[in-house]
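Trainee: Could you show me how to read the aromatic contacts in a model like this one?
Mentor: Let us look at it together.

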Amino acid sequence: EGKHSVLDMFWLYPEDDYDSPKPMPLDYGCIGATNATFRTGWGDDDLFAGIHYGKNAVCHGHWDMGQFIIEYKNKRFFSDLGADNYNLPSYGTCYRHVTEGHNTIMINSGVKATEQKRSGETYVSSYKSTGEQAFAVADMSSAYEGATVIRGIKLIRNDFAVILQDHIKTKRETDNVFWFGHTKSSVEISQDGRT
């Protein structure tokens, strides 16, 4: 017989085979979710991508709708900045709390300290997971004043590739649109600025 614990009385399902672990799904998400994650596998040489949508006005929340992370071979290429220090002066406007401190979009920066609207709220509107690829898309417009902002992320398993795609349309002309990405890696930008 296998080993048992007192916790088995809460979570024991006698029909389960506890000696053979069940495979975990590679992807997590659904239409209406606040987050989605994707991976090529569970090994040390696999690729992982995750995105956060949700609500900005939550307890301990940041103005970070559209925040994403990407890892490959256990190395994080796009990162969240990590834990906060609530004792910082002006905590609500410090860099790691506001939009620019996250891997997301800012439009007309400098207008407000936080950039995204506190009332912003969005959920996954399109989601699909197959053996070849997985993706999630959400309309984040509620977090931006006078703009349509849609962000999607796709993982292509066989190519070990992640595509992050944004559709941004402002009501008035502006050249003040920023896409932030926090990384410890060296980054080269092509001459045309597109890759």
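**Reading the aromatic rings**

Mentor: Ring pairs join Phe68, Phe78 and Trp179 into a cluster, where rings of Phe, Tyr and Trp (its six-membered ring) pair if their centres lie within 6.5 Å, and planes under 30 degrees apart count as stacked, over 60 as edge-to-face and the rest as tilted. This is a predicted model, in which local features need pLDDT of at least 70 and side-chain atom pairs count only at pLDDT 80 or more, while totals for chains, interfaces and linings use all residues. Residues are numbered from 1 along each chain as its sequence is written, and side-chain values use heavy atoms, with hydrogens and water left out.

Trainee: How many aromatic pairs does a search of the whole structure find?

Mentor: The search finds 6 aromatic pairs. Phenylalanine 38 and tyrosine 127 form a stacked one, at 6.2 Å centre to centre with 20° between the planes. Phenylalanine 38 lies in strand S1 (residues 35–39) and tyrosine 127 in strand S8 (residues 126–129), so the pair ties together parts that are 89 residues apart in sequence; strands are DSSP runs of E, at least two residues, numbered from the N terminus.

Trainee: Are phenylalanine 38 and tyrosine 127 buried or exposed?

Mentor: Buried means under 20% relative accessible area, exposed over 50% and partly exposed in between (1.4 Å probe, protein chains only), and both phenylalanine 38 and tyrosine 127 are buried. Phenylalanine 178 and phenylalanine 180 form a tilted pair, 6.3 Å centre to centre with 50° between the planes. Phenylalanine 178 counts as partly exposed because its relative accessibility is 37%.

Conventions. Helix = DSSP H or I, 4+ residues; strand = E, 2+ residues; numbered from the N terminus.
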